[in-house]
Amino acid sequence: MTPTRDRPLVLLSFGHACVDVYQGSVAALVPYFVAERAYGYAAASGVVLAASLLSSLVQPLFGALTDRRALPWLLPSSTLTAGAGVALGGVTDSYPLTLAAVAAGGVGIAAYHPEAARAARAAAGGSHTAMGWFSLGGNAGFALAPPLVWAVVGGGGLGASWLLALPAVAGAVLCGVAVRSAGAARAAGGRTTVAAGSDDWASFLRLTGAVVCRSVVFAGLSTFVALYVRERVGGGSAAGTAALFVLYLGGAVGTVAGGRLADRYGRLRVVRRSYVLTVLAVAAVVLVPGPPVYLFVALTSAGLYVPFSLHITLGQDYLPRRVGTASGVTLGLAVSVGGLAAPALGALADASSLGTALLPLVALPAVGRLLLYGLREPPPPPAPPALGSRTAHDADVRRAVDRPAHRAAPHSRTVALPAVGRLLQCGPRESAPPPAPPALGSRTAHDADVR
C-alpha cells in the first residue's frame with residue numbers, strides 16, 4: 001500500500017473519530033444532567049434513548065440510499081449535524097428541547113455511518129486490518145468523549161457545552177478532504193457499483209441479533225458505569241469519568257487487535273470467543289467489589305470491541321449486493337439500538353439499585369454467542385482493481401473490445417485487437433491462414449505465371 005492510496009482511509013478514520021465523539025458524549029453528559037438538573041435515572045437514560053431512537057429508525061433508510069447512489073456529501077454535513085445536536089442538548093434548560101436536540105444529533109450520526117463504511121471498504125481493498133483502523137477512529141472518538149466532556153462541562157457547567165461543537169467542524173473538513181482524495185465527489189449522484197454474489201439474509205439476521213445483544217450491553221454500561229463506579233469506589237465524578245474512559249479506550253486497542261486476530265484465526269472464531277469473554281467480564285464488573293472493577297471494565301471493553309470491525313466486514317460479505325444496508329446495521333445500529341433499552345434499565349435502577357439493573361447485561365452476550373453458533377464464514381468479495389493498475393487497464397481494454405461493432409470505429413477495432421493479445425498475455429497468436437491459390441486458368445493465375 002502506498003501513502004497516496006492510504007490517505008483516504010486515514011482521513012476517514014480521523015473523521016470517524018470526530019463523529020463518534022458525539023455518541024460517547026451523550027453518555028458522558030448523563031452524570032452532569034443528574035447533578036445539575038436533578039434528573040432521575042429514568043429521565044437521564046431518556047436522553048440516551050432520544051439520541052438512539054430516531055437514529056435507529058433512520059439508519060436502515062440511509063443504508064438503502066447508499067446502496068443505490070454514492071452520497072459523499074453526507075459525510076461532512078452529517079458530521080456538522082451530529083455536533084450541533086449534542087452541543088445544543090447541553091445548552092438548553094428544557095427537557096423536551098434537550099431530547100429534540102440530541103435526537104437531531106442522532107440523525108446526523110445515522111446518516112454518517114453507512115456512507116462512511118462504504119467508502120472505507122473501498123479504500124481498505126478487503127483488508128480486515130485496514131477496516132480495523134477505520135473502526136479504531138470511531139472507537140478513539142468514544143474514548144476521547146469522557147475527558148472532553150469533563151474538560152468542557154466539568155469546569156464551565158452544561159452552559160459551556162456549545163464548545164463540544166468544535167470537533168464537528170474539524171471532522172467536516174477531514175471528511176471533505178477524504179472525499180476529494182478518493183475521487184468520490186466526482187461520483188456523487190452516480191449509481192453505486194453492485195458486487196457479484198448472492199445475499200445470505202438468514203446468516204445476516206443471526207449476526208444482527210448478536211450485534212443487538214452486544215449493543216444493549218455496551219449502551220447500558222456506557223449510560224450507567226460512571227455512576228455505578230462512583231458508588232462502588234468513591235472518588236466523585238473523576239472516578240466515574242475514569243471508568244467510562246477505560247471502557248472506551250479498551251475499544252481503541254481491541255478493534256485493531258480484532259482485525260489482526262481475524263487475519264490469523266478467522267473472523268467467526270474470534271467473534272465467538274469475544275462473546276464468551278464478555279459474559280465473564282461483565283459478571284465481574286457487577287459482582288466483584290472494590291477498585292478491581294477498573295480491570296474488569298477493561299476486559300469487558302476488549303470483549304465488546306474485538307469483534308466490532310469484524311461485525312462490519314461479516315455483514316458486508318453476507319450481503320455483498322447491499323453493502324450500505326449491511327454497514328448501516330452493523331456499524332450504526334451496533335451502537336444506537338442499545339440505547340432503546342436504556343430507559344428500562346434506568347427504571348429498574350430507580351426501583352432497586354444500579355447493580356440490580358446491570359445484572360441482565362451478563363446474560364445478553366451469552367444469547368449473542370448462541371446466535372452465532374453454526375454460522376459459516378462468508379466468501380470474501382474480489383477486491384476491485386486499483387485505478388491506474390495494469391489489471392484495471394486490461395479491464396478497460398476488454399470492455400472496449402466487447403462493445404458492439406456498430407459503436408466502435410472500424411480503424412479503432414483493427415488497432416485494438418493486437419494490443420489486447422499482448423496485454424492479456426493470451427500466448428502466441430495463431431497465424432493467419434494462407435490465401436487460397438488462384439483457380440487454374442483464371443486471369444489471376446495467368447498473371448501470376450507471367451510474373
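Asp-199 is a buried residue, with a relative accessibility of 18%. That value falls under the 20% limit for burial. The model is a predicted one. Asp-199 also has a charged partner. Its side chain forms a salt bridge with Arg-322, and the closest N and O atoms are 2.3 Å apart. Arg-322 counts as partly exposed, because its relative accessibility is 35%.

How many salt bridges does a search of the whole structure find? The search finds 3. Side chains of opposite charge can pair when their charged atoms come close.

Next comes Arg-267. This residue is buried, with a relative accessible area of 2%. One of its partners is Asp-317, in a salt bridge of 2.8 Å from N to O. Asp-317 lies in helix α11 and Arg-267 in helix α9, so their pairing ties together parts 50 residues apart in sequence. Asp-317 is buried too, like Arg-267.

Glu-377 also forms a salt bridge with Arg-267, with the closest N and O atoms 2.5 Å apart. Glu-377 comes from the loop between α15 and α16, so this pair ties helix α9 to a part 110 residues away in sequence. Glu-377 is partly exposed, at a relative accessible area of 40%. Through shared partners, salt bridges join Arg-267, Asp-317 and Glu-377 into one network.

Notes:
Residues numbered from 1 in each chain as written. Predicted model: local features only at pLDDT ≥ 70, side-chain atom pairs only at ≥ 80, totals over all residues. Heavy atoms only, no water. Salt bridge = Lys/Arg side-chain N within 4 Å of Asp/Glu carboxyl O. Buried < 20%, exposed > 50% of the residue type's maximum accessible area, 1.4 Å probe, protein only. Helix = DSSP H or I, 4+ residues; strand = E, 2+ residues; numbered from the N terminus.
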